[in-house]
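Morning, everyone. Please have the sequence and the 3D view open while I talk. I'll keep this short.

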Amino acid sequence: MEFIFALIALFGPISFGVLEGVVTAIAATLVYILRKTMFPRDALLGRVSGRDGFYKLHRVPAARPVPGFTVYMVQGSLLFFNTDYVRARLRTVTNELPADTRWFVMDASAIAQIDISAAAMLEEVHDDLGKRGIALAIAELHFEAREILERAGVIAKIGPEDGLRGSRGCAGRFRSG
């Protein structure tokens with residue numbers, strides 16, 4: 001991708017003039033960055049027998065989901081321009097959960113920022129899962145994101161015992177050491 005940007009930066013000024021070419025290169029870069037952040041990657045995580053930690057199910061063939069327990073990772077910030085996409089992904093993932101699932105843990109270690117629209121979306125996901133008898137927990141939540149969720153009332157709704165706890169926001173009963 002960097003090579004394409006280099007070509008745009010090279011041929012933009014030649015084709016359009018210096019100022020217009022530089023603006024074109026900057027605009028192309030911003031569109032690319034916005035596109036990447038609008039559709040954050042995600043993954044379901046599972047365990048590998050005999051190894052500590054959780055692994056991406058699609059990357060590690062030996063990884064298996066834990067019965068009754070789903071771990072889902074979002075790899076990007078949750079902001080107003082990607083909340084609808086993440087909500088749709090969460091709906092797709094949760095609709096395909098096995099019937100015996102009782103816990104849905106969102107690994108938030110790769111979520112650097114959350115805004116109020118994402119907080120409302122998480123509250124909606126909590127409500128939807130609750131209707132199905134599935135508890136939502138959020139693990140490894142960054143401090144700034146946790147503050148937003150606290151101010152929005154999401155943490156109080158999820159509950160400190162079952163959903164969020166600890167200075168790093170580890171899921172209640174699934175604290176990391």
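I'll go from the overall layout to the sheet, then to some helices and side chains.

First, a caution. This is a predicted model. So how confident is the predictor? The protein chain averages a pLDDT of 88. A score of at least 70 is reached by 90% of the residues. One stretch needs care. Over residues 162-177, pLDDT stays under 50. For that stretch the model has 50 contacts beyond four places in sequence. Keep that score in mind when you look there.

Now the layout. How many helices and strands are there? The protein chain has six helices and five strands. Along the sequence, the pattern reads α-α-β-β-β-α-β-α-β-α-α. The protein chain has 177 residues, and 39% of them count as buried.

In what order do the strands sit? The order is β2-β1-β3-β4-β5, in an open sheet of five strands with mixed pairing. β2 and β5 stand at the edges. Each has a single partner strand, so one side of each has no neighbour in the sheet.

Strand β2 covers residues 55-56. β2 runs antiparallel to β1, and two bridges join them. Find glycine 46 and look across: its bridge partner in β2 is tyrosine 55.

Next pair. β1 and strand β3, residues 69-75, are antiparallel, with five bridges. Here alanine 43 has methionine 73 of β3 as its bridge partner.

Valine 71 is the residue opposite valine 105 in β4.

Last pair. β4, residues 103-107, is parallel to β5, again over five bridges. Look for phenylalanine 104, opposite leucine 136 in β5.

Stay on β5 for a moment. Is it enclosed or open? This strand spans residues 135-139, and four of its five residues are buried, so the rest of the structure largely encloses it. Remember that β5 is also an edge strand.

How does the chain get from β4 to β5? Through helix α4, residues 116-131. Together, β4, α4 and β5 make a right-handed β-α-β unit.

Now back to the start of the chain. Helix α1 takes in residues 2-16.

Next, aromatic rings. How many aromatic pairs does the count give? Five. I'll show you two of them.
Phenylalanine 5 and tyrosine 32 form an edge-to-face pair. The ring centres are 5.3 Å apart, with 70 degrees between the planes. Which parts of the chain does this pair link? Phenylalanine 5 is in α1, and tyrosine 32 is in helix α2, residues 18-38. They are 27 residues apart. Are they buried or exposed? Phenylalanine 5 has a relative accessible area of 16%, so it is buried, the cut-off being under 20%. Tyrosine 32 is partly exposed, at 30%.

The other pair is phenylalanine 39 with tyrosine 85. It is also edge-to-face: 5.0 Å centre to centre, and 90 degrees between the planes. Phenylalanine 39 lies in the loop between α2 and β1, while tyrosine 85 lies in helix α3, residues 83-95. That is 46 residues apart. Both are partly exposed: phenylalanine 39 has a relative accessible area of 35%, and tyrosine 85 has 29%.

Arginine 89 is in helix α3. Its relative accessible area is 26%, so it counts as partly exposed. What does arginine 89 touch? Leaving out residues up to four places away in sequence, it touches Asp42 and Tyr72. Now compare it with phenylalanine 39.

Conventions. Residues numbered from 1 in each chain as written. Predicted model: local features only at pLDDT ≥ 70, side-chain atom pairs only at ≥ 80, totals over all residues. Heavy atoms only, no water. Expected span 1.5 Å × (residues − 1). Buried < 20%, exposed > 50% of the residue type's maximum accessible area, 1.4 Å probe, protein only. Pairing = 2+ DSSP bridges. Right-handed = clockwise from strand over helix to strand, strands pointing away. pLDDT = per-residue confidence, 0-100. Contact = heavy atoms within 4.5 Å. Phe/Tyr/Trp six-rings, centres within 6.5 Å; stacked < 30°, edge-to-face > 60°.
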